[in-house]
Amino acid sequence: MDPEAARHARDSLDLVFHMSNILDTGLDRHTLSVLIALCEMGFSPEALAAVVKELCRETSVSSSAAKTAPSAP
């Protein structure tokens, strides 16, 4: 990747990360980078959003369950 393209990609990721923080998505730079790459490969943004929402929901449910589970004697 030439330096200009690398700079443009970095600037774009910075912008997306800033927007993500404003919207309080909880997504980190790496996750956003992967999602952008998948979109560029032709994956549906709507489908990816649904997967992210489901993973966040499952993580939230499993975290809640771990907090309420009785501890071992």
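**View 1. The largest nonpolar core of the predicted model.** The largest nonpolar core comprises seven residues: Leu13, Phe17, Leu27, Leu32, Leu35, Leu48 and Val52. A nonpolar core is a set of buried Ala, Val, Leu, Ile, Met, Phe, Trp, Tyr and Cys residues joined through side-chain atoms within 4.5 Å. At least two residues of this core come from each of H1, helix H2 (29-40) and helix H3 (45-68). Helices are DSSP runs (H or I, at least four residues), numbered from the N terminus. In soluble globular proteins, nonpolar side chains tend to be buried together. The model is predicted: local features need pLDDT of at least 70, and side-chain atom pairs count only at pLDDT 80 or more, whereas totals for chains, interfaces and linings use all residues. Residues are numbered from 1 along each chain as its sequence is written, and side-chain values use heavy atoms, with hydrogens and water left out.

**View 2. Helix H1 along its length.** H1 has 20 residues and spans 29 Å from its first C-alpha to its last, close to the 28 Å expected at 1.5 Å a residue; the expected span is 1.5 Å times one less than the number of residues. At the start of H1, a side-chain oxygen of Asp2 lies within 3.0 Å of the backbone nitrogen of Glu4. Just after H1, Asp24 adopts a positive phi of about 55°.

View 3. Leu13, Phe17 and Ser20 are the buried residues of H1. Seen down the axis of H1, its buried residues fall within an arc of 60°, so they line one face of the helix; the arc is that of the directions from the helix axis to the C-beta atoms. On the other side of H1, His8, Leu15 and Ile22 are exposed. Buried means under 20% relative accessible area, exposed over 50%, and partly exposed in between (1.4 Å probe, protein chains only). H2 is included in what covers the buried residues of H1.

**View 4. The surroundings of Ser20 and Leu27.** Ser20 belongs to helix H1 (residues 3-22) and is buried, with a relative accessible area of 5%. Not counting residues up to four places away in sequence, Ser20 touches Thr25, Leu27 and Leu32; contact means heavy atoms within 4.5 Å. Leaving aside neighbours within four places in sequence, Leu27 is in contact with Phe17, Ser20, Leu32, Leu35 and Val52.

**View 5. Cys39 and Cys56.** Cys39 is partly exposed, at 32% relative accessibility. Cys56 is also partly exposed, at 41% relative accessibility. The structure holds zero disulfides, a disulfide being a pair of cysteine sulfur atoms within 2.5 Å.

Key: Polar contact = N/O pair within 3.5 Å; in protein donor to acceptor, adjacent residues only side chain to side chain.
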